[in-house]
Amino acid sequence: MKVVVCIKQVPDTKGGVKFNPDGTLDRAAMMTIMNPDDKAGLEAALRLKDQYGAEVTVLTMGLPKAEDVLREAIAMGADKGVLVTDRVLGGADTWATSQTLAGALRNMEYDLIITGRQAIDGDTAQVGPQISEHLHIPVISYAQNLKVEGDSVIVERQFDDRYHVLKAKMPCLITALAELNEPRYMTPGGIFDACKAEITVWGRADLKDVDDSNLGLKGSPTQIAKASDKVRKGVGEKVTLDPAEAVDYIVGKLKEKHVI
């Protein structure tokens, strides 16, 4: 079994975010982590490796420093890492990103593709399903549990206060929730192997069956109108009242805001 996991290096928002003049994230200037949903998807693939001997390849698109997140994945147990990086791919929205990743995946062998449900720097949950459309394979999103049975994958798909049980023949694509599992830690031996591992690097010329009009900022049908860091809260209103007056004041404010 061959499993490809699409992972993304995302800003560590605890340290704040920075923007370029065109409104896109200045990724080169920020601390980064592996996207949480993607890490759960990687753990699911590694469990298939443990159980069935699956070969796990991690794929990412990003700046050259995104190689770090691939090495982290290899240190956790992945077998191979592929980085897609090229200046012409910068500023991509979900459409252009999914086109890029699909172009890379057409060069790869896979039975199962796993992506995170969404990235914490975008929260769109669009890239995984879009990849499946480009590749013309089934997709099951919001996976909170999965297992392989023969040539099919059976998934518990989260839905409101319950879940659906869905079955799809491979090849197919699964989008994973962070709640899918508890990702393992890197091991000392894995870290040593990751430092020595050779990362495959692809550029625009390596993407298969993708038109230039669908790549990068120019190929992105959605544009950022405005972007900002966390909205700063105002000072607020400070009052000094005795307990009885304070109760009436709070109740009055709640009614004013239509909370009660």
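Is Y142 buried, exposed or partly exposed? To answer that we need the cut-offs: buried means under 20% relative accessible area, exposed means over 50%, and partly exposed is in between, with a 1.4 Å probe and protein chains only. At 28% relative accessibility, Y142 counts as partly exposed.

Before I go on, a word about what we are looking at. This is a predicted model, in which local features need pLDDT of at least 70 and side-chain atom pairs count only at pLDDT 80 or more, while totals for chains, interfaces and linings use all residues. Residues are numbered from 1 along each chain as its sequence is written, and side-chain values use heavy atoms, with hydrogens and water left out.

Let me begin with the chain as a whole. Its secondary structure comes to 6 helices and 11 strands, where helices (H or I, at least four residues) and strands (E, at least two) are DSSP runs, numbered from the N terminus. Along its principal axes the C-alpha trace spans about 70 × 45 × 40 Å, and of the 260 residues in the chain, 41% are buried. If we take the contacts in the chain with a separation of 6 or more, 70% of them are between residues 24 or more positions apart; a contact here means heavy atoms within 4.5 Å.

Now to the interior. In general, nonpolar side chains in soluble globular proteins tend to be buried together. A nonpolar core, as the term is used here, is a set of buried Ala, Val, Leu, Ile, Met, Phe, Trp, Tyr and Cys residues joined through side-chain atoms within 4.5 Å. The largest such core has 39 residues, and among these V5, L42 and I174 touch the most other members. At least two residues of this core come from each of β1 (2-6), α1, β4, α2, β6, β7, β8 (152-159) and β10. There is also a second, separate core of 22 residues, which includes M61, Y110, I113 and L173. Returning to L42, and not counting residues up to four places away in sequence, we find that L42 touches V5, M34, V56, V58, A73, M76 and A78.

Two of those partners, A73 and M76, are also among the buried residues of helix α2, together with V69, L70, E72, I74 and A75. This helix, residues 67-76, is mostly covered, with 7 of its 10 residues buried. What covers those buried residues includes the strands β2 (9-11), β3 (32-34), β4 (55-61) and β5 (80-84), as well as the helices α1 (36-52) and α5 (188-196). Just after α2 comes G77, which takes a positive phi of about 140°.

A positive phi also turns up in residues other than glycine. One of them is the residue I opened with, Y142, whose phi is near 55° and which lies in strand β7, residues 139-149. Another is A125, with a phi near 60°; A125 is found in the loop between β6 (112-116) and α4 (127-135), and at 18% relative accessibility A125 counts as buried.

A cis peptide bond joins M170 and P171, with omega about 5°, and P171 has its place in the loop between β9 and β10 (172-176). Strand β9 itself covers residues 162-169 and contains K169, which is exposed, with a relative accessible area of 56%. Leaving out residues up to four places away in sequence, K169 touches P138, D151 and S152. K169 and D151 are 18 residues apart in sequence, yet 6.0 Å apart in space, C-alpha to C-alpha.

For contrast, take Q99 in helix α3, residues 94-105. At 8% relative accessibility Q99 counts as buried, and, leaving aside its neighbours within four places in sequence, Q99 is in contact with H134, V210 and N214.

Finally, the cysteines. How many disulfides does a search of the whole structure find? A disulfide is a pair of cysteine sulfur atoms within 2.5 Å, and the search finds 0.
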